Each structure stands twice: as C-alpha cells, then as structure tokens.
Amino acid sequence: MVVLFLSFFSCNKEENEYAEEDIDVYSEQLAFDDLDFLGSVVPFVISEGEDGAHIGFIQSARSFYLDPGLEEYTRYMEMLKNAKEYDIPFNVYVFKETNDIAQVKYTSLEEIDAYNASKIPPLELKSATYESIVPSEAVLQTIINHIKNSGINFSYIGDGCYYRAHAMRRIFNEYGYECKKFFMYGTLAASNGSCCAHWVYHVAPYVSYRRSNGGTNPVIIDPSLFPDNPISTENTWLAACRNTTCSKNVVTTLVQVTPGEVYYASPDGSYQYDPDYIKTDATWAMYAGRSGCN
C-alpha cells in the first residue's frame, strides 16, 4: 500500500510541478504572515458534508474545518483522504489563530520516515521497570502536588492533552511508578469554568493506588479539567469531556486504555511514541504562556 501511495505521490508532484512551485512561493509568504503551521499530520477522521469537511488529526486534539469555498478544496480533500487511507503525513497550515485549514502540502520523504519511525515501540519498554500501583492515596497526592507545580500548562485546554499526559507520566516515572493513558474519541466538549474547548479526542494519565483496606482504586489525573482536585473516577472524567452546556452534539465513539509509553494513539489501535520526550518538551514550549480554550 505504501508503494502504491508513493507512486501516486510522485506522479501527482510531477503532473503538478509548475502549479506546486507557484503555490510554494506564495505559501512561504502566507505561512509567515497569515498562517500557522499545524505540523506534519495524519487525519484519522474526515466528515464531509454540504458545509465542508470536519477533520481530526492524530497529532492534535482539536477539530479542524476545510471550507468548500477554498479554491484548492477538491485537491486538498483528495490529499487528506489519501493521507488517511495510506497513513502518510502531509504538512497542514491553518489560518492564524483558527482551526480553519488554509493549505495542505506534500511532506518530504524524510518527514514520512520520521513519522514511520515514531510508530516503532522503544526497544526496552520502560514500564517494566516501574511499580504499577501507587502504594497509597497520600503518595499519589504527593505526586499530584509535584505535577501541579511542575510548570506544565494546565491553563490552556484548547489542545495539548497528549503532551500534558506524557509529561505527567514522566513525573510518575521519577517517583518509580507507571501510569497508563486513557483516551476518549468523538465529538467532545469540555469547560475549564470560564470557556469551552472542542476536541476530537482527549487523553490523561490513568493510574491505580492502593486503598487502606488493601484494594486498589483506578483513577484519572487531569488538572486541566479539575484544577483543584485532579483525581477523578472514569465516569466523572468521561462526563466532563461530554459537557452538554458547551455543546448539545457531544458524541463518544471510542474509549481505550493504552500503555504509558504511548504518546499518540489512533482509534485503529496504532501508536506513536516519544521515548526521549522530545515532542513532549517541544509542545510544552509551544503552549507555554497560553491560556483559555482556543
């Protein structure tokens, strides 16, 4: 399949060589002045209707929109559908400070190689070296206090749940414990008390601690939704991601629990990893200082 797609990729670039060059020259100026670079991304959901297309990418929790009024709408839709079918990234630009797609461009073979490399599990999965259960609620609270004072930006909930979850996982590891990740997909909406965020998925650490009677309690840790007391049950967390005050059209399509090593998880069960926290720290820096929901 990849061979077939690369053939399509090459032929289209040759057939549109002049047009691509023109677009690229114009794009460089637009990208600097009017656009934000979303990244080298792969869609996992494309919903096309009369009003345009709503698209979710694995590498962002936000829901994006492609306007049928765009001159390149048909070509961009073809590129995105092929990206989804063949699991190949494309470079996507959005109009500045919006979720509206402005341009879709071919990636380099190096970027495709980097994407494929991110799907290879680390040779030694670190979770095996950590305890799977935190010994008490008091110890868990100590770790949460560290998380809340770590500098992770929980004030901006518009995007970045994947980096926050991985950064929190790193702190659990520093204390000698492992967490899992709880992913939820669908048409989601949540509030931080002052604004509403709209997502195609959300993720947070999922950890168990030992109760005083010897049993265990599985909980989700999410200071972005529950800043005062980030410990929540599964049902409470799921309900917070389906806030009907923010949207009447919330729908859950899937929930899944993954190992802690997973950075991105697609609904089809494919994973991407960030074992050295390079993506985590880069996204942390990108969202530092932001607040709100957009």
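Reader: Let's start with Glu48: what is its relative accessible area?
Author: In this predicted model, local features need pLDDT of at least 70 and side-chain atom pairs count only at pLDDT 80 or more, while totals for chains, interfaces and linings use all residues. Residues are numbered from 1 along each chain as its sequence is written, and side-chain values use heavy atoms, with hydrogens and water left out. Buried means under 20% relative accessible area, exposed over 50%, and partly exposed in between (1.4 Å probe, protein chains only). Glu48 counts as partly exposed because its relative accessible area is 41%.

Reader: Thanks! Which residue does Glu48 meet in a salt bridge?
Author: A salt bridge needs a side-chain nitrogen of Lys or Arg within 4 Å of a carboxyl oxygen of Asp or Glu. The side chain of Glu48 has such a partner at 3.2 Å, N to O, and that partner is Lys81.

Reader: How many residues apart are Glu48 and Lys81?
Author: Helices (H or I, at least four residues) and strands (E, at least two) are DSSP runs here, numbered from the N terminus. In the salt bridge between Glu48 and Lys81, Glu48 sits in strand β2 (residues 43-49) and Lys81 in helix α3 (residues 73-86), so this pair joins distant parts of the chain, and the separation is 33 residues.

Reader: Which residue pairs with Asp159 in a salt bridge, and where does that partner lie?
Author: The closest N and O atoms of Asp159 and its partner Arg62 are 3.2 Å apart. Asp159 is in the loop between α5 (137-148) and α6 (161-174), so the bridge ties together parts 97 residues apart in sequence. Both ends are buried, Asp159 at 2% relative accessibility and Arg62 at 14%. The partner is thus Arg62, in the loop between β3 (52-57) and β4 (63-66).

Reader: Which residues form a network of salt bridges?
Author: Glu261 lies in the loop between β12 (251-258) and β13 (262-265), and Arg169 in helix α6, 92 residues apart. Glu261 is buried at 5% relative accessible area, as is Arg169 at 3%. The linked members are Arg169, Glu178 and Glu261.

Reader: How much space lies in the largest pocket?
Author: On a 1 Å grid over the protein atoms alone, a cavity is a set of points where a 1.4 Å probe fits but cannot get out, a pocket is an open set with protein on both sides within 12 Å along at least five of seven lines, and lining residues have an atom within 4 Å of a point. Grid points are joined across faces, edges and corners, and a volume is the space filled by probe spheres set on the points. Of the 38 lining residues, Phe37, Leu38, Tyr162, Met286 and Tyr287 lie nearest the centre of the largest pocket. The space in this pocket is about 900 Å³.

Reader: How does the lining of the second largest pocket divide into nonpolar, polar and charged?
Author: This pocket holds about 360 Å³. Among the lining residues closest to its centre are Ser63, Gly186 and Trp199, and β8 gives the most to the lining, with 5 residues. Ala, Val, Leu, Ile, Met, Phe, Trp, Tyr, Cys and Pro count as nonpolar, Asp, Glu, Lys and Arg as charged, and the others, Gly among them, as polar. The lining divides into 10 nonpolar, 10 polar and no charged.
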